Amino acid sequence: MEIFPAIDIKDGKVVRLTEGDYDRMTVYSSSPCEIAEQFIKKGAKNLHVVDLDGAKDGTTENFEVISEIAKYKELFIEVGGGIRSVERIKKYLDLGVDRTIIGTAAVKNYPLVEEAVRLFGDKIAVGVDAKDGRVAVSGWREVTDTDSVAFCKRLRDTGVKTVIYTDISKDGVLSGTNLEIYRELSKIDGLDIVASGGITYESEIKELKNMGLYAAIVGKAVYAGKLSLENVLKAAGEE
């Protein structure tokens with residue numbers, strides 16, 4: 001199983017939110033590139049980058065920071081947050097980013113997903129963020145009536161290869177992830193599922209791997225010292 005340590009960026013700084021709440025934010029570093037270098041030294045081969053300003057209001061104020069991160073060619077880098085047009089996707093891919101993540105726009109503008117998959121294939125992932133089984137959008141501030149599992153199946157049928165699924169209630173709380181939903185999602189044939197949100201224990205990494213999940217994202221637990229990235233990579237069999 002692949003491991004993607006996360007770098008969430010707001011105002012150019014590395015931060016983590018609790019349950020997606022911008023008012024409950026912890027700043028961990030003023031240098032995203034330094035954090036990326038630390039991850040590389042610990043053995044990371046992948047990186048999950050989120051532009052939180054972009055996710056909230058569609059801006060590109062962190063574009064220069066992300067362009068610097070994209071220079072680390074030893075990493076497979078995926079980027080999300082505020083990607084709401086083919087032009088924005090192309091802009092990131094032209095930087096050398098390996099995969100872009102469509103979030104809110106996948107719900108509010110589904111034809112974008114169809115066009116993006118047609119143009120860019122497996123360089124497109126979709127972030128499905130859920131609260132009580134329903135898809136949430138706009139920086140997790142708006143919960144829709146869309147069933148999250150059914151939406152994942154629709155994405156697969158459209159040709160999306162990778163879905164990053166986050167249970168918002170677990171994100172940043174350090175109380176464990178929602179293993180039950182990943183067991184359900186693992187049964188969707190033809191879709192690579194990335195577990196995201198609340199992973200706190202090595203045992204969860206092992207369980208997710210045993211489910212056959214493609215990847216997992218680790219964030220706050222690593223920053224807070226609850227998880228060792230080296231041990232996570234070992235548990236996932238990626239070291």
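C33 is buried, with a relative accessible area of 18%. I set that against the cut-off: buried means under 20%, so C33 at 18% counts as buried. I keep in mind that this is a predicted model.

C152 came next. I read a relative accessible area of 0%, so C152 is buried.

I then looked for disulfides. The structure holds 0 of them. A disulfide would be a covalent bond between the sulfur atoms of two cysteines.

**Helix α4**

I turned to α4, residues 86-95. Which of its residues are buried? I noted V86, R88, I89, Y92 and L93. Looking down the axis of α4, I found these buried residues within an arc of 160 degrees, so they line one face of the helix. An α-helix has 3.6 residues a turn, so residues three or four places apart point the same way. On the other side of α4, I found E87 and D94 exposed.

What covers the buried residues of α4? I listed strands and helices. The cover includes the strands β4 (46-51), β5 (76-80), β6 (99-102) and β7 (124-131). It also includes the helices α3 (63-69) and α6 (110-120).

I checked what follows the helix. Just after α4 comes G96, with a positive phi of about 110 degrees.

**α4 against α6**

I looked at this pair in detail. Two packed helices are described by the angle between their axes and the distance between the axes. The axes of α4 and α6 come within 10 Å. They cross at roughly 35 degrees. Is the crossing left-handed or right-handed? I noted it as right-handed.

Then I went through the residues. From α4, V86, I89, K90 and L93 take part in the contact. From α6, they meet L112, E115, A116, L119 and F120. By class, I have 7 nonpolar, no polar and 2 charged residues in this contact.

**Helix α9**

Last, I looked up α9, residues 202-211. Its buried residues are E204, I205, L208 and M211. Seen down the axis of α9, they fall within an arc of 120 degrees, so they line one face of this helix.

I listed what covers them. The cover includes the strands β1 (2-10), β11 (192-196) and β12 (215-218). The helices α8 (179-185) and α11 (229-235) are also among the covering elements.

What follows α9? I found G212 there, with a positive phi near 90 degrees.

Definitions and conventions
Residues numbered from 1 in each chain as written. Predicted model: local features only at pLDDT ≥ 70, side-chain atom pairs only at ≥ 80, totals over all residues. Heavy atoms only, no water. Disulfide = S-S within 2.5 Å. Buried < 20%, exposed > 50% of the residue type's maximum accessible area, 1.4 Å probe, protein only. Helix = DSSP H or I, 4+ residues; strand = E, 2+ residues; numbered from the N terminus. Arc of directions from axis to C-beta. Contact = heavy atoms within 4.5 Å. Axes fitted to C-alpha atoms, helices over the stretch in contact; angles between N-to-C directions. Left-handed = near helix turned anticlockwise from the far one by under 90°. Nonpolar A, V, L, I, M, F, W, Y, C, P; charged D, E, K, R; others polar.
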